[in-house]
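I want to look up the folds and the packing, one item at a time.

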Amino acid sequence: MLTFEHVTKQFGALKAIDDVSFEVRPGIITAVIGPNGAGKSTLVNMAAGSYGVSSGRILVDGVELQRLPKHRIAHAGLARTYQNIRLFDGMSVVKNLEVALVPPRVGRLVADTFGLTPRAAAEERRARCHDVLARLGLAPYAERQAGSLAYGQQKLVELARAIVGGPRVLLLDEPAAGLNHGETELLKQHILALRAPDLAMVLIEHDMKLIMSISDTIVVMNRGQVLAQGTAADIRANIEVQEAYLGQPGAIKDIEAAARGRRNRVRIREGEGLTWHQP
Amino acid sequence: MTSDPPQTGGAAAGAQALAPPRTTRVWPGALAMALVPVLALVAGQFLPAYPLRILDMILLYAILGLGLNIIVGYAGLLDLGYVAFYAIGAYSWALLASGQFDIHLPFALVLLIGASLAGVAGILLGIPVLRLRGDYLAIVTLGFGEIIRVLMNNLDGVTNGPQGIARIDEAHLFGWTLSTPQDFLYLLVAMLVVVFLFVWRIQESALGTALSAVREDQDAARGCGIDTTRVKLVAFALSAFVGGGCGVVFAAMQRFVSPESFTFWESLIIVLVIVIGGLGNPFGALLGATLLILIPELLRAYADYRLLLYGMALVIIILARPRGIISRPFGPSWLMRRLGGGKC
């Protein structure tokens, strides 16, 4: 479970994230949507430790991520993909995955290197990488240099690298960006297949069709705030939110006005309708 | 290491990629590697002293190149002050086995001490500078190299300053006296094999994977759970350890050390050894050292134009092979694939 507790991020005078609180529960896919600049990527980057938080807490299963050194965040069970692919281009595909399985303790690493510990561990890690590659249909490319693969395959390799360590929270930052229809469909199947009772998935995406077809719950963000949260059906039903997302002129202002007009914060349980948060 | 089959085409490579992963094929690589010491040992039997001395220098620089490769080739951190570690090793032997303080420790022990001191210096240097990247790191390491040299130059009471330390002991290793270039050839061949295996192990291990990840994309590596700072420190220490060991051998070979031997020029030569030979590639270091030591020797006849021609030769090599002569990275696995047709 990934929890955002009153998270705020200030870049100078700009409040990129403004008192955001929500939970990402295991077993389901949570999509975060919103227009450009809504703060979706900032949220992911904070959870992954690339940015610090200005205030508030981000927790994975109760562990506060901001208290950990950056490299520890992965060991706390959080893995991510990047909006712009960030593979280790010069290394083979399987080596890219092995990076995520490197023993965390440097002493152990050195002992491994000079043969003081059995090689079985290394063999096991390698087998696990090949296993994940096979699951994502990447087995034929295992020994290819990652940077030489086609864009869509690189996206999948990134996904493979993120899941090989068996994370409990998986952040997918625009996984379908730049993919064609067929590749998106394939990605969708893979993401759905990843759904597991102990894995909390966060999907940041612009492809509304993909979001609507695979998300269990959706968080709508605008200007650093959570505008609404609900099931895919709820969000789909709410034409206003769709308009806001699609960026029709005035749509967001209308929603904000509507929300401000309500003043009272209406919380409706999931499945029963939208949850409005006070802006 | 010359019987490479022609490069496989795209289709063949695809078919090869489809084959199930095989375990490492060691023999072809080991065979190629064994060829180098055998050739060197044969040469040791027949060559006169002068060419042997050149051969010694080639081997010494190849070992230095292998050591520097850990930090520059694998971790991708440009260290322009590598000579500092070499100097620490050299002065270890000069001070611990000479009349300077009348200390006469055995060679094997000093080899360990000198390498370890250099390793510790590597960590001490690494702690403050590893926040820096690229050019900034290069400049700071360059400064470190100069600081060590200036220190040796000015610590008159300890190092005799610019006059250097002479009257260094003859090295004895397990009852074997190391005095002629031939003796050192054997020692250096043994060291080359050991360091080669050492570097190879690093490359094929999880540590090597971690270092490569740091080189490719430090932030993504951290995102994957790599403790980038410590991994880089380990690389610095291992690299410095090798440099220190070379320094000890150098001092034992020359039986004289002075700060003059450890200028920035030396650091540059060692960087060139691996850049010319091929970064991140153990065979590259050997090839690079051969060229960089041999070319100036061959140019002795043209004394006046020697440096000019040397520079021109280097420029031509860099122009022709911008990624080093053995340009495919990550040597042994690649070599074994080429020689054995297998995968690793």
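This is a predicted model: local features need pLDDT of at least 70, side-chain atom pairs count only at pLDDT 80 or more; totals for chains, interfaces and linings use all residues.

**Entry: chain A overall.** I looked up burial next, and 44% of the 279 residues of chain A count as buried. Then I checked the contacts between residues at least 6 apart in sequence: in chain A, 65% of them join residues at least 24 apart.

**Entry: a sheet in chain A.** I traced an open sheet of four strands, and its order in chain A reads S2-S1-S4-S5, with antiparallel pairing. Which strands sit at the edges? They are strand S2 (14-24) and strand S5 (63-64) of chain A, each of which pairs on one side only. I then followed strand S1 (residues 2-11) of chain A, which is joined to S2(A) by seven bridges in the antiparallel sense. Background reminder: strands of a sheet pair through backbone hydrogen bonds, either parallel or antiparallel.

**Entry: domains of chain A.** I found chain A divided into two pieces: domain 1 takes 2-77 + 167-276, and domain 2 takes 89-163. Where they meet, domain 1 of chain A puts in nine residues and domain 2 of chain A puts in eight residues. Which element gives the most on the domain 1 side? That is helix H7 (residues 181-194) of chain A, with three residues on the side that touches domain 2 of chain A. I also sorted that side of domain 1 of chain A by class and got five nonpolar, three polar and one charged residues.

**Entry: a helix in chain B.** I moved to helix H6 (residues 134-154) of chain B, which has 21 residues. From first C-alpha to last, H6(B) reaches 31 Å, close to the 30 Å expected at 1.5 Å a residue. Which of its residues are buried? My list for H6(B) is Thr141(B), Leu142(B), Phe144(B), Gly145(B), Ile148(B), Arg149(B) and Met152(B). Why do I put these on the same side of H6(B)? Because they cover an arc of only 155 degrees around the axis. On the other side of H6(B), I noted Asp135(B), Tyr136(B) and Val150(B) as exposed.

What do the buried residues of H6(B) pack against? I listed four helices of chain B: H4 (83-96), H5 (107-129), H7 (156-159) and H12 (264-277).

Technical notes. Residues are numbered from 1 along each chain as its sequence is written. Chains are lettered from A and ligands numbered from 1 in the order in which they are written. Two strands pair if DSSP finds at least two bridges between them. Helices (H or I, at least four residues) and strands (E, at least two) are DSSP runs, numbered from the N terminus. A residue is buried if 20 or more other C-beta atoms lie within 10 Å of its own, exposed if 12 or fewer, and partly exposed in between; C-beta atoms are placed from the backbone. Two residues are in contact if their C-beta atoms, placed from the backbone, lie within 7 Å. Domain bounds come from an automatic or database domain assignment. Ala, Val, Leu, Ile, Met, Phe, Trp, Tyr, Cys and Pro count as nonpolar, Asp, Glu, Lys and Arg as charged, and the others, Gly among them, as polar. The expected span of a helix is 1.5 Å times one less than its number of residues. The arc is that of the directions from the helix axis to the C-beta atoms.
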